[in-house]
Amino acid sequence: MRHLMSPLDFSVEELDRLMDIASDIEKNRDKYAHMCDGKVLATCFYEPSTRTRLSFESAMLHLGGRVLGFASADSSSAAKGESVSDTIRIISCYADICAMRHPKEGAPMVAASKSRIPVINAGDGGHQHPTQTLTDLMTIRSLKGQLGNMTIGLCGDLKFGRTVHSLINALKRYPGINFIFISPEELRIPDYIRIDVLDRNNIPYKEVIKLEDVMSELDILYMTRVQKERFFNEEDYVRLKDFYILTKEKMDMAKKDMMVLHPLPRVNEISVEVDDDPRAVYFKQVQYGMYIRMALILTLLELV
Ligand code: NCD
């Protein structure tokens, strides 16, 4: 039995296969419509979510399966003090596969160690968010035709943004990747990523504060929200929340085929006027998220 805790749980070849399945699903939806008949997905979300939870549920429903779960800690027995280890033992009796989001780093890993069904990390604190990364890789591969040989700028909250941490880990394995990290001093990527992931593997990167300084170099711009819920005090959040706002003027400085991704939800960091720019692909990204989650469910349930 296999779980998904980090994008590194899959080799590059396995990721390719997963994306091939997702592309096939995109083209031949009917072929997959009953592959999960009789199967049940549990979504155990101890933290807010719109896309991730609903895209998992939608993915399972499109495969013919059924879904159950809870959308907040206070609507589950966590409010009574039940541990994640106990909860997953119970869920293992009700469902065939579980997607779990939790504010504590490592909680889905603890669950996986006690589970009788595959557990998918749907976001653990400020740590990792592997299925968002699968979505991001799928979007880039589908729209750019490849995953290597590009300069990717990650902008915003690089300290607390778990989507950023997972994406760096995944992309470092492709040739010709050059990272540019764009953040205020306080929200720089954590040392464990800079030292253990980038320096150790000799991955080229630079860190800058101003987006304008690097806009023309980028093939991909990955915008992120300042992660309000992970700040220790409101004052710091208020000071940093509007540090970056992507506008039409800034888009004018970018390459004609640059692409803007965002895991969403967006707050103020991308002006709505940018949505109509064909290079803004963050809403297309959501669609790819459902296909790749369908492919993931099928793979973990060993149905493909
Ligand atoms: C992200 C998350 O939860 O980390 N959202 C998502 O799943 N698409 C990004 C965010 O909340 O900023």
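This is a predicted model: local features need pLDDT of at least 70, side-chain atom pairs count only at pLDDT 80 or more; totals for chains, interfaces and linings use all residues.
Arg 141 is buried, its relative accessible area being 19%, and its side chain meets that of Asp 20 in a salt bridge with an N to O distance of 2.9 Å. Because Arg 141 belongs to helix 5 (residues 130-144) and Asp 20 to helix 1 (residues 12-27), this pair ties together parts that are 121 residues apart in sequence.

**Salt bridges**

- Lys 31 forms a salt bridge with Asp 24, in which the closest N and O atoms are 2.5 Å apart, and Asp 24 counts as partly exposed at 21% relative accessibility.
- A salt bridge also joins the side chains of Arg 239 and Glu 186, at 2.8 Å from N to O; since Arg 239 lies in helix 8 (residues 234-240) and Glu 186 in the loop between strand 6 (177-182) and helix 7, the pair ties together parts that are 53 residues apart in sequence.
- Arg 239 is partly exposed, with a relative accessible area of 47%, and Glu 186 likewise counts as partly exposed, at 37% relative accessibility.
- Salt bridges link Glu 185, Arg 188, Asp 191, Arg 194 and Glu 207 in a network.

**The ligand and its surroundings**

- The residues that surround the ligand are Thr 52, Arg 101, His 129, Gln 132, Arg 162, Thr 163, Arg 225, Gln 227, Pro 263, Leu 264 and Pro 265.
- A polar side-chain atom of Thr 52 lies 2.8 Å from an oxygen atom of the ligand, while for His 129 the distance from a polar side-chain atom to a ligand oxygen is 2.7 Å.
- An N or O atom in the side chain of Arg 162 is 2.8 Å from an oxygen atom of the ligand; taken alone, the ligand exposes 320 Å², of which the protein buries 94%.

**The loop between strand 9 and helix 10**

- Leu 264 is placed in the loop between strand 9 and helix 10, and Pro 265 is found in the loop between strand 9 (259-261) and helix 10 (282-300); the peptide bond joining Leu 264 and Pro 265 is cis, with omega about 5 degrees.
- Leu 264 has a positive phi, near 65 degrees, although this residue is not a glycine, and Leu 264 counts as buried at 13% relative accessibility.
- Glu 269 lies in the loop between strand 9 and helix 10 and is buried yet has no salt bridge, the nearest side chain of opposite charge, that of Arg 225, being 6.1 Å away.
- The side chain of Glu 269 does reach the backbone nitrogen of Val 267, at 3.0 Å.

**Two further places**

- Asn 202, which is not a glycine, has a positive phi of about 50 degrees; its place is in the loop between helix 7 (191-199) and strand 7 (205-208), where Asn 202 is exposed with a relative accessible area of 67%.
- Leu 68, Ile 90 and Tyr 94 make a nonpolar surface patch of about 280 Å², and within this group Ile 90 is located in helix 3 (residues 84-94) and counts as partly exposed at 37% relative accessibility.

Note on methods
Residues are numbered from 1 along each chain as its sequence is written. Side-chain values use heavy atoms; hydrogens and water are left out. Patches are made of residues with over 30% relative accessible area and no salt bridge: like charges are joined within 9 Å, nonpolar side chains (Val, Leu, Ile, Met, Phe, Trp, Tyr) within 5 Å. Accessible areas come from the Shrake-Rupley method with a 1.4 Å probe; for residues, only the protein chains shown count as cover. A salt bridge is a side-chain nitrogen of Lys or Arg within 4 Å of a carboxyl oxygen of Asp or Glu. Helices (H or I, at least four residues) and strands (E, at least two) are DSSP runs, numbered from the N terminus. Buried means under 20% relative accessible area, exposed over 50%, partly exposed in between (1.4 Å probe, protein chains only). A residue is near a molecule or strand if one of its heavy atoms lies within 4 Å of it. A polar contact is a pair of N or O atoms within 3.5 Å; within protein, one must be able to donate a hydrogen and the other to accept it, and residues adjacent in sequence count only if both atoms are side-chain atoms. Lys and Arg count as positive and Asp and Glu as negative; His and the chain ends are not counted.
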